[in-house]
Amino acid sequence: MAIWFTRSRSIAYYLKRKMSFMGILNQHSCTNPYFESICSSSSSSSRITDAENSSISCHSSAFPFSVHRFESTKAAGQLDQLYSSDDESSQSLDFPGGKVAYISEMRFISESNQKRIPCYRLLNDNGELINGSDFHQVTEELAVKMYSKMVTLQQMDTIFYEAQRQGRISFYLTSVGEEAANIASAAALGADDVVLPQYREPGVLLWRGFTLEEFANQCFGNKADYGKGRQMPIHYGSKKLNYFTVSSPIATQLPQAVGAAYSLKMDKKDACAVTYIGDGGTSEGDFHAALNFAAVMEAPVIFICRNNGWAISTHISEQFRSDGVVVKGQAYGIQSIRVDGNDALAVYRTIRAAREIAISEQKPILVEALTYRVGHHSTSDDSTKYRPVDEIEYWKMARNPVNRFRKWVERNGWWSDKEESELRSSIRKQLLQAIQAAEKTQKPELGNLFSDVYDHPPLNLQEQEKQLRETINRHSQDFPSDVPM
Amino acid sequence: MASCLRRYGRRLSVSICEKRELSTACEGQIILQQHQQLQQTAKSMNLCSAINQALHLALETDPRSYVFGEDVSFGGVFRCTTGLTERFGKNRVFNTPLCEQGIVGFGIGLAAMGNRAIAEIQFADYIYPAFDQIVNEAAKFRYRSGNQYDCGGLTIRAPYGAVGHGGHYHSQSPEAFFCHVPGIKVVIPRSPLQAKGLLLSCIRDPNPVVFFEPKWLYRLAVEEVPEHDYMLPLSEAEVIREGSDITLVGWGAQLSVMEQACTDAEKDGISCELIDLKTLIPWDRETVEASVRKTGRLLISHEAPVTGGFGAEISASIVERCFLRLEAPIARVCGLDTPFPLVFEPFYMPTKNKILDAIKSTVNY
């Protein structure tokens, strides 16, 4: 009996894994009663879709967080018992860090909780407030601004993506599907909060006032680019907007954010550091280094993980076996929360609260925003090669964060079709102008190749510049003509 | 396991090998002539105390400076940070978790906010987990932001090199890895006086610096060190012994070995010029070049493995510039291309007689 049980469990698990990879996990195909009970219990706890929306729930199979590691085992559910004191509570081990209770029955802690950590939301997929939610009203002005910036980000992505496809810029990376996680988190922060981004958070910069011209200048690497044409497109940075320059390596900004937060703490600033990361980045050593340092240093830093299901082509089931990212907070002694990253109101409220805790209590917070990368990883990627089109469609349409927020804003009477079309056409126009202007603006002067390596160019760089200029004079045809000498 | 090894490191610090001799009289005098005003309050101290004094001064003169790393709070496994927590408080001098990438990443963030972040990596052998933070982050921080941001306040201190019984993981000299990285500076002092002045320069330099401390000399090297706050210039090599037949270039602990070889060569009538490079990048090529133009011969010596060592870079540069002036091939007397060995350390090392042989064969080429 025991053997059968184990085997059937592993088969069921195998089937589920295979199916979830294909994104077509279908509850009705479950024939094994054990398997079925897992399916139904996990889907009820993990699915964010609305029960009343049957067309969505039949698509819930496409939900990328459908790898089940949370079946009930003997060990599961014992966690609470382990923590609770029982008959032997009077005896304990006085160990560095505090007393540890003794037990005489051997128990392993389960690898996971029976139920997945729930996800905080305020709006359903139809943009309606959930009854009984702890919603706090936001002003019309803020809501309309948030919505407008989400639309701007969408438009920016569409047009820059096209510009890349036309060969006008070398590379681009969209935030499609993650507009709410971008804009709503930015809206919840203060201007003095220091942001250390990954690279899929241009919405934060947009919210802080980076202009479409500034975005375009960076993507074209012209002389108005603050980065002086040195980095690939989308590696934005703005000192005046407290937004550290993007670097491509994953998760390196996380321990740096702890250092920045520690500085704010020492300077007694009414501000925190905020850093972003994707689901893939949580596997990097720097993620773990940063969480541990932040906890130990009691640094006011908010870690925002945009769990979008995919790290390029690597599905989260191949990334980690924990219940996502949120559970990692506790292991480091950090408060954490899981929020629906496609619910702008919930993200806004969550980050506001996280910021309040980080600053008033001087400690770190981990936020896992469940969202989805609707676009390809970048313009160098074709994600239809590794994930089903219907999964993308589902997140693009049924779970679209911009549409959801628009419905709520409209329901409040703050937005109309007319305003919508005016906004979209005006942004489109601005973007086209910005791109045209950026394209025409000169490239940075050659000297920028050598400056800023150090505060002053050392002798070797001075010599190399001189030699290069001589080579250019002899072979000008070998070099781009649009870089001023 | 790791913690056991690190505890072993602590033992290293208190039982630093007595095998090596160091004569710093000549070099110290030259420096002191240059800094005569400092002589008035000079005090005899070892390299460890000189580092400690530099850290005291750095923390004292800039309220936005911080010292942190594994075990620094109680004074560090080599005792270089002794007394700092008591004096400046645990907010400014503190232990970090055992995680080198975290230490450097944290330091970059702290420095980028306008602070002086003085990070300690317990042994240079353990700096590799932080390689990405140093190479991809610290070194490019200013450049990639178009000088909007920089982490110039970052200084990474790490004890490096042989110690007599350190084996693979308490003996390495990883400086060459970092010399391939535009955007950082690499500095290695040879003596207490140098260590104090160079470390203060590194801490106050507006660029991130990796500062390797010759741990063999922590207790062994003793000289008169001015008590004042003074800085020695970076990217300036120093001729610490003048000669006419051959130029020897080295840095850190190896200089004392080279100096003994020079003394012995002199008995054979060979006049050696010895140069302390001090800053490996950006390095002072002119001083080396001028010396080689004079002597016509060059020998480079370092503890790190010969292949791909910084000696190769010096050699190539000097051949490019002094080809016609060279009277013999450039000699390199360095560590072997093996992991740093324990029992075989005396065989691995670029010893005095290995150098002496190379001096003779170069001069008699």
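Contact here means heavy atoms within 4.5 Å. Keep that in mind for the interface. One caution before we start: this is a predicted model.

So, chains A and B. By that cut-off, 46 residues of chain B touch 45 residues of chain A. The two chains bury about 3700 Å² between them. Carbon and sulfur atoms give 59% of that area. Who loses the most on the chain B side? B:Tyr143, B:Gln148 and B:Tyr149 do, and together they account for 21% of what that side buries.

Take A:Glu463 and B:Arg321: their closest N and O atoms sit 3.4 Å apart.

The largest share comes from α5(B), with nine residues. By type, the chain B side has 19 nonpolar, 16 polar and eleven charged residues.

Last, the annotations. Both come from unreviewed UniProt entries. In chain A, the record puts "Dehydrogenase E1 component" at residues 149-445. That span is 45% helix and 11% strand, and its end C-alpha atoms lie 33 Å apart. In chain B, the record lists "Transketolase-like pyrimidine-binding" for residues 45-220. Here we have 38% helix and 18% strand, with the end C-alpha atoms 10 Å apart.

Definitions and conventions
Residues are numbered from 1 along each chain as its sequence is written. Chains are lettered from A and ligands numbered from 1 in the order in which they are written. This is a predicted model: local features need pLDDT of at least 70, side-chain atom pairs count only at pLDDT 80 or more; totals for chains, interfaces and linings use all residues. Side-chain values use heavy atoms; hydrogens and water are left out. UniProt positions are given in the numbering used here, feature names are shortened, and annotations may be inferred rather than shown by experiment. Helices (H or I, at least four residues) and strands (E, at least two) are DSSP runs, numbered from the N terminus. Buried area is the accessible area (1.4 Å probe) that two parts lose on being put together, summed over both. A salt bridge is a side-chain nitrogen of Lys or Arg within 4 Å of a carboxyl oxygen of Asp or Glu. Ala, Val, Leu, Ile, Met, Phe, Trp, Tyr, Cys and Pro count as nonpolar, Asp, Glu, Lys and Arg as charged, and the others, Gly among them, as polar.
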